[in-house]
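Hello,

Here is the structure for you to look over. My notes follow below it.

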Amino acid sequence: MTANEQPVIRARSLTKKFGEFEAVRGIDVDVRPGESFGFLGPNGAGKSSTMRMIAGVSPITSGTLEIFGLDPATHGSEIRNRLGVVPQADNLDGELTLLDNLIVYGRYFDIPRAECVSRAKELLDFVQLSDRSSGRVDSLSGGMKRRLTIARGLMNRPEMFLLDEPTTGLDPQARHILWDRLYRLKQQGVTLVLTTHYMDEAEQLCDRLVVMDAGRIVAEGSPRDLITRYSTREVLELRFGAGRNAEYEGRLAGIGDRLEVLADRVLVYADDGEAALREVNVRGLTPESSLVRRSSLEDVFLRLTGRSLEE
Amino acid sequence: MSTPASVRVLEMQMLLLKRIWKTNLTLSFLQPLLFFLGMGLGVGSLVDGRSSSAAALGDVSYAMFLGPGLLATTAMLTAAGESLWPVLGGFKWDGSFEAMAATRLTASQVVRGQFLWLAVRMGIAVGGVAVVLAVHPDTRSWGILPAVPAALLCGLVFTAWITAWAASREYDTSFSNVQRLVITPLFLFGGAFYPVDSLPELLRPIAWVTPLWHGVELCRGFTLHSLGAIEMLGHVGVLVAWLIPGWILCDRFFARRLYR
């Protein structure tokens, strides 16, 4: 980071408490302009609380937080004016048309009406909803609503775009359409900050991410970095049948770098998965199924917390 | 070239209103018209022409007595209807307030927008009553014109307090009781249908402190030219004194709920 490249997000010992409950426990974060940054973690890790503080809609409990170099406690409105937000739950106006939803939202930013109309049309085009512009939001599918929410969040041409679990609850096809749109934004140089509990999403979209667990950051780096640091190149997945996987732990010892026994499968971490599988066969073990795959952030999370992400 | 924030919030509500304006306008006329006909002419035929009632009503027909009061009660009923479930819904169900809070709008701008919307909404309903009063020869008066904003001021008091209540609730369980235990008694005992002086002595002071009575008196005073300037200022003063704390509470509850 050069001296004149001020971070868009700078958090130090950032904490958020709700009564006695500490949702965010002293995290440090720096996000540079133009970067795609992710908060990865399971439900309850503190991702959304962090996002709400960054979005200038939730006062911090302690520590420091600067957005665009400004303090959200005193410059909330100014910060929000430069942000785009896609909240976790859609809060579109179901009774209004798609076009009106965007125009009304643009007007909240005091953008002149004519300009709102032209931006709204342009953005409906961008999220591939032009043909439904005069339809009511109530008639849209979940994936379309998310795309419309993305278009809405871009009405004020934000310098930074915050997305809280943008694809949760969407089917695979809808997710891919959404990723494609977000990828285009990233290419246009928009700073993306997103939370997700999908590893593939983080790997697709994030230049850099932090893994959060129970309000703390447990690791930080690029997806590739984290995989290299906390996992092996490949993973061999073995299934010996429900409830029987643990019995095989001893007989698999020494194969690969490390073993992880889960309820439904055993994970063997090895740089060469096929070689590990051969060794399993040499020992006379016959799993019901086996699969060699590349390591993912899921493995990183498992390694760091001892728990699966989507449990 | 910038537009006040409250007006920009209002624009959203106006778009929604555009979808339902036909039923909305018709109902605005219909309800007070029914009250006016049912009570004003029906009860009026029993009351009018008796010397005791003429003295109690201040030498006007019952329709003349009742009509202006309906301006204030209509404002109150509209405020109650639009500030309970719709306000809680803006936080809980449709998330419209949360959507606003994510933009450059501040909590107090959202509150002002909501008040402005209610003023428009009450204005439509009160305007309907005003037209009915202007059409009927007994109640026709230039005083209806200043009585309309007086009714809106009274309605804003209810808007502020009811909105504050709704914004501070997690659930809507108390809302029917607000209607039953606050709005309906005020409607019946607030001096719109008979002079508060005809209530038992113990109940009169209660009517005097409620905002509805001041609103009714103000509307009646304008329409019938029956109040002096000092009395009018007094009524306005009491309404403003009710409005300010309600407004402050709204600002506080909206900020607490939207930015937590």
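**What was found**

Chain A has eleven helices and 13 strands. Helices (H or I, at least four residues) and strands (E, at least two) are DSSP runs, numbered from the N terminus.

This is a predicted model, in which local features need pLDDT of at least 70, side-chain atom pairs count only at pLDDT 80 or more, and totals for chains, interfaces and linings use all residues. Residues are numbered from 1 along each chain as its sequence is written, while chains are lettered from A and ligands numbered from 1 in the order in which they are written.

**Chain A overall**

The C-alpha trace of chain A spans about 75 × 45 × 40 Å along its principal axes. Chain A has 311 residues, and 46% of them are buried. Buried means 20 or more other C-beta atoms within 10 Å of the residue's own; exposed means 12 or fewer, and partly exposed lies in between, with C-beta atoms placed from the backbone. Of the contacts in chain A with a separation of 6 or more, 69% join residues 24 or more positions apart. A contact means that two C-beta atoms, placed from the backbone, lie within 7 Å.

**Where chain A touches chain B**

On chain A, 23 residues are in contact with 24 residues of chain B. Helix H2 (72–81) and helix H3 (98–108) of chain A each supply at least two residues of that side of chain A. The largest share, five residues, comes from H3(A). By class, this side of chain A has twelve nonpolar, five polar and six charged residues. Ala, Val, Leu, Ile, Met, Phe, Trp, Tyr, Cys and Pro count as nonpolar; Asp, Glu, Lys and Arg count as charged; the others, Gly among them, are polar.

**H3 and H4 of chain A**

H3(A) also meets helix H4 (residues 113–126) of chain A: their axes come within 9 Å and cross at roughly 130 degrees. Axes are lines fitted to C-alpha atoms, for helices over the stretch in contact, and angles run from 0 to 180 degrees between N-to-C directions. The two helices are therefore oblique to each other. Angles under 35 degrees count as roughly parallel, over 145 as roughly antiparallel, 65 to 115 as roughly perpendicular and the rest as oblique. Among the residues of H3(A) in this contact are A:Leu102 and A:Ile103; H4(A) brings residues including A:Val117 and A:Leu123. The contact has nine nonpolar, one polar and three charged residues.

**One residue in chain B**

B:Thr73 is in helix H3 (residues 62–83) of chain B. B:Thr73 counts as buried because it has 29 C-beta neighbours inside 10 Å. Leaving out residues up to four places away in sequence, B:Thr73 touches B:Phe187, B:Ala192 and B:Leu212.

Best wishes
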